[in-house]
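Thank you all for coming; I would like to take a few minutes to talk through one model and some of its aromatic contacts. Please have a look at it first.

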Amino acid sequence: MEEGASFLFAGTSFNKKKYANEIDRFKGKKETENKVDYLSSFERANPDSEEAAVSTKKRKRKQAASEAVERFNVFKSSKKALVASEGNETDEEQDRLSKEKKKLNRKLEADSILRKKYNIHVSGNNVATPLKSFAELSSVYGCESYLLQNFAKLGFKEPTPIQRQAIPILLSGRECFACAPTGSGKTLAFVSPMLMKLKHASTEGVRAVILCPTRELAAQTTRECKKLAEGNKFYIKLLTKKLIRSADLSKLRCDILISTPLRLRSAIKKKKLDLSRVEYLVLDESDKLFELGLIKQIDAVVKACSNPSITRSLFSATLPDSVEELARTIMHDAVRVIIGRKNTASNSVNQKLVFAGTEEGKLLALRQSFQEKLNPPILIFLQSKERAKELYEELKFDDIRVGVIHSDLSEIQRENVVNDFRAGKTWVLIATDVIARGMDFKGVNCVINYDFPDSAAAYIHRIGRSGRAGRTGEAITFYTEDDVPFLRNIANVMSASGCEVPSWIMAMRKLRWKKHRPKRESILTIPDNAED
Ligand SMILES: Nc1ncnc2c1ncn2[C@@H]1O[C@H](COP(=O)(O)OP(=O)(O)OP(=O)(O)O)[C@@H](O)[C@H]1O
């Protein structure tokens, strides 16, 4: 993280008939002006402020002057009348100030009640009022009707807590770093204010950039962006290999560009992509983007986005202190928004730990649970592509429609695997952490951590593929003797989201958790030459 860090910040439509009920359930004065108003009225109302001190001095001078002229009869009557009227003005002014102060206090109180209701925690000065409804986007912020119509079309009735707070913050032009649970609608929270601020399509080059850690997530975010922008002809582009090869990027007509850091950096370096007009930069899954392998690329992108009035924002379901500290020191007057408690799992996922003993035990437990009850769609996570391929080899003979995704597949193959799972053609998807973050497969009923996750953050993101947008889900984590020392860390996450954890695990010592990826025995039970 250190290297180069100094510059930084200068649905699955699965079996629709069968799941019809669930699908139904799922469908389920401008701020800047306000800000200035609140600020100035607060200063006026505050007796310690400079402005208040000046008016007290003025009042005293006026009083002294009136006393002095009273001795001259010729001015006596008129001056007395003047003094009387000045006294009234002062009373009126004080009355007005006290009313303004009361109004401000009522507003702050109402904001804090609203935040408490939705479990929103903010730090920063003068933070914008949370939204009471989507309708306020139009009544308070002048949002065009197409966006609200799109929310309605997508079945979004009420803003989620992160949307209630992050949207007004970004609309007020403030930078923001936000941490909200998996599946809580962070994408809409950063895309909507971007669309509102950009207003209409333009020919002025790239105006907004969204960075995502994986191609799959970048493709999904592009699709979501397009859905939200429908009715307004924005140029929204996913930076693909094909686009880099075919287009003259110096003349790229694009309002919002979505990419992975590696691809964007290569477009900047090799194809002279100009990002100097970018007004909005979003780092989605920001803590992943700050990991060692990606930090250099992020640095290059941040450097290329050289517009001094750029608004940057960071979003994730996990925000380690190290990333937060870095963001806090370098971002400009940023507001911090946390929904619920930081770094906790979604509380709509029922989490279980299962002792499988050995590698053989895991496969037996999986097969047994599939025989008893198969409630697809199911996602199974493994620690490496080799192991993902092995489990795939085992399960494909079990009469289960199974797919596998890992980094050895081509872009097209990966896209097809994801599409098949979304369309319900495959019931079980075996994966590495490549799809652990951000992927929105709406109907996932169960996540199985076949291999113990290698960090608490990885656990939170993996199980967060289930229990999204208010639905419930299940997460099962297998563990073997090798994993026992790290159980307590997962148990903490589980108990923080209200799941039961055996007391012996809670009594264990907490370990500093470096990447836990033990060497595990092969999963294969089928001899290598079985198919020969
Ligand atoms: N206001 C809303 N009401 C109902 N559903 C919503 C609302 N906003 C977003 N959604 C839906 O919630 C789901 C999850 O949203 P999204 O993928 O943005 O979550 P996220 O918070 O980014 O999750 P993750 O941390 O896993 O990336 C999506 O299917 C999205 O369409």
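This is a predicted model: local features need pLDDT of at least 70, side-chain atom pairs count only at pLDDT 80 or more; totals for chains, interfaces and linings use all residues.

Which residues does UniProt list for "domain: DEAD-box RNA helicase Q"? The unreviewed entry gives residues 136-164, with UniProt positions in the numbering used here, feature names shortened, and annotations that may be inferred rather than shown by experiment.

Residues are numbered from 1 along each chain as its sequence is written, and side-chain values use heavy atoms, with hydrogens and water left out.

As for Arg 164, its charged end sits over the ring of Tyr 118, 3.9 Å from the ring centre, where the criterion is NZ of Lys or CZ of Arg within 6 Å of the centre and within 35 degrees of the ring normal.

Turning to ring pairs, a search of the whole structure finds five aromatic pairs, meaning rings of Phe, Tyr and Trp (its six-membered ring) with centres within 6.5 Å, stacked if the planes are under 30 degrees apart, edge-to-face if over 60, and tilted for the rest. In one of them, Phe 421 and Phe 441, the centres are 5.1 Å apart and the planes at 80°, so this pair is edge-to-face. Because Phe 421 lies in helix 17 and Phe 441 in the loop between strand 12 and strand 13, the pair ties together parts that are 20 residues apart in sequence.

Methods
Helices (H or I, at least four residues) and strands (E, at least two) are DSSP runs, numbered from the N terminus.
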